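This report walks through one structure for a reader who is meeting it here.

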Amino acid sequence: MGRTPLDSWLAGRMDRDTVPTVSELHGWLLERLKELVDHARHGSPFYRRHLADARGTDITSLEDFARLPIIASEQLRSNPDGLLSVSRDEIERVVTLSSSGTTGEPKRIFHTADDLEATTDFFSWGMANMVEPGGTALVLLPGARPGGVGQLLNAALSRHGSRAVAVGELTDAGAAVDHCLAENATCVVGSPAHVNLLAHAWEARGLPKGAIRSVLLCWDVIPDAVRKSVAERLGCRVFRHWGMIETGLGGAVECSPGSGMHLRETDVYVEIVDPRTGALLPDGEFGDMVVTTPLKMGMPIIRYRTGDVGRILAGECACGSPLRRLDPLVRRRQDSVPLPSGPLALRELNEILYGVPGLADFAARLDEDTLYLTVCGRVARETVLDALKRLPVVAQGLADGSLGVEIENRHAAAPAVPGLEKRRIVIGS
Ligand SMILES: [Zn+2]
């Protein structure tokens, strides 16, 4: 078997000629984690307190590392500067992250030039089998800002002789299709909802399947119904990605459609822990995702609870990579709203509604005892209501009168939720 792009990236990132075995990778990671703990304790007052009892030399296994205390997301909001472990001169970019669905101060994340270069390098290899040399990827994400994701992607793709055109988040699906045609794009990168809208518009115009050859879904949770919808309407290969601004973007990517997402383990070390006890969980079991950035020296993240729930897929990938794989069906810990008949989870609503033929996008809001849905696409309200009733918690609420449902169809080729805010079920008016 030839060396895959991810293998090439991994060997380069570990500064070695050959692709490591799993145990070589884990041995290397352990050394980096020990160094990181000492570096953070040396450079950051917060870590000196937080890791008061930890010394790199005392950590002799990844299980030892898993006993270090966890950082809650509140820390990144209340005192992000406390995590800085280098002088401010070395910081290239500060990202202010407003996390949707929560209150309080937004998180500020610091990246050094090395951090951004590492992300660009990972993007360049991670996308090598999605965009051929000379090809163009249309990126439905912000592009203008230096260090922004569009610029990083363009820098990345140019290393393999292709290019990215970042046109910003989708506001009109027809315009996005026009962009694709004008740029002769063979790859599209964007949030699941936005790429799904583009796919519906593409199909509605009778454009040929297979002209867009690959899609990368990223930015938000990825409903399986959207993956299927996009693959069918565009006739393309669909890859999935998971990442966080906290870790410098670029967290995990599929090597082929359906493979599971290979973690960028040199830079984003993921542990899956029991939400109650914090104990490490074995591969195959869902739990809280806790991340560490082994090579991020400016603002190291050490055992940060992401708020995501996920699992590591057991066994080896067909590509032979030593990198562990994240199940693409990552979800947020808090994605439910309370109905009188029980909790309604966004992930369930996503799978039901994005699976309705013709429904391109939706927004959901719960106000007292009524669920308001705004849907976009060529679909009748009765069809949407019938689909909703397949959710037991909705069927029960409608049957016992504790829940009302109002459905409005905008028929628009524009997102039901403007912008790139992470999708959620809104509570209140
Ligand atoms: Zn693979």
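## Around Met-14

Leaving aside neighbours within four places in sequence, Met-14 is in contact with Pro-20, Trp-28 and Thr-266, where contact requires that the C-beta atoms of two residues, placed from the backbone, lie within 7 Å. Between the C-alpha atoms of Met-14 and Thr-266, which are 252 residues apart along the chain, the separation is 7.6 Å.

Met-14 belongs to the loop between α1 (5-13) and α2 (22-43); helices (H or I, at least four residues) and strands (E, at least two) are DSSP runs, numbered from the N terminus. Met-14 counts as partly exposed because it has 18 C-beta neighbours inside 10 Å, given that a residue is buried with 20 or more other C-beta atoms within 10 Å of its own, exposed with 12 or fewer, and partly exposed in between.

## How to read the model

The model is predicted, and local features need pLDDT of at least 70, while side-chain atom pairs count only at pLDDT 80 or more and totals for chains, interfaces and linings use all residues. Residues are numbered from 1 along each chain as its sequence is written.

## Two domains

The domain assignment, which comes from an automatic or database source, divides the protein chain into domain 1 (1-333) and domain 2 (336-427). Their C-alpha centres lie 29 Å apart, and 24 residues of domain 1 are in contact with 17 residues of domain 2.

On the side of domain 1 that touches domain 2, α8 (173-183), α9 (192-204) and α10 (224-234) each supply at least two residues, and α9 gives the most, with 6 residues.

An open sheet of 4 strands runs in the order β20-β19-β18-β21 with mixed pairing, two strands being paired if DSSP finds at least two bridges between them. Its edge strands, each pairing on one side only, are β20 (404-409) and β21 (426-427). Strand β19 (residues 370-377) pairs with β20 in the parallel sense over 6 bridges, and Glu-408 in β20 is the bridge partner of Thr-374. Helix α9 packs on this sheet, where it touches β18 (359-367) and β19.

## Helices α8 and α9

The axes of α8 and α9, lines fitted to C-alpha atoms over the stretch in contact, with angles from 0 to 180 degrees between N-to-C directions, come within 8 Å and cross at roughly 75°. That makes α8 roughly perpendicular to α9, a term covering 65 to 115 degrees, whereas angles under 35 count as roughly parallel, over 145 as roughly antiparallel and the rest as oblique.
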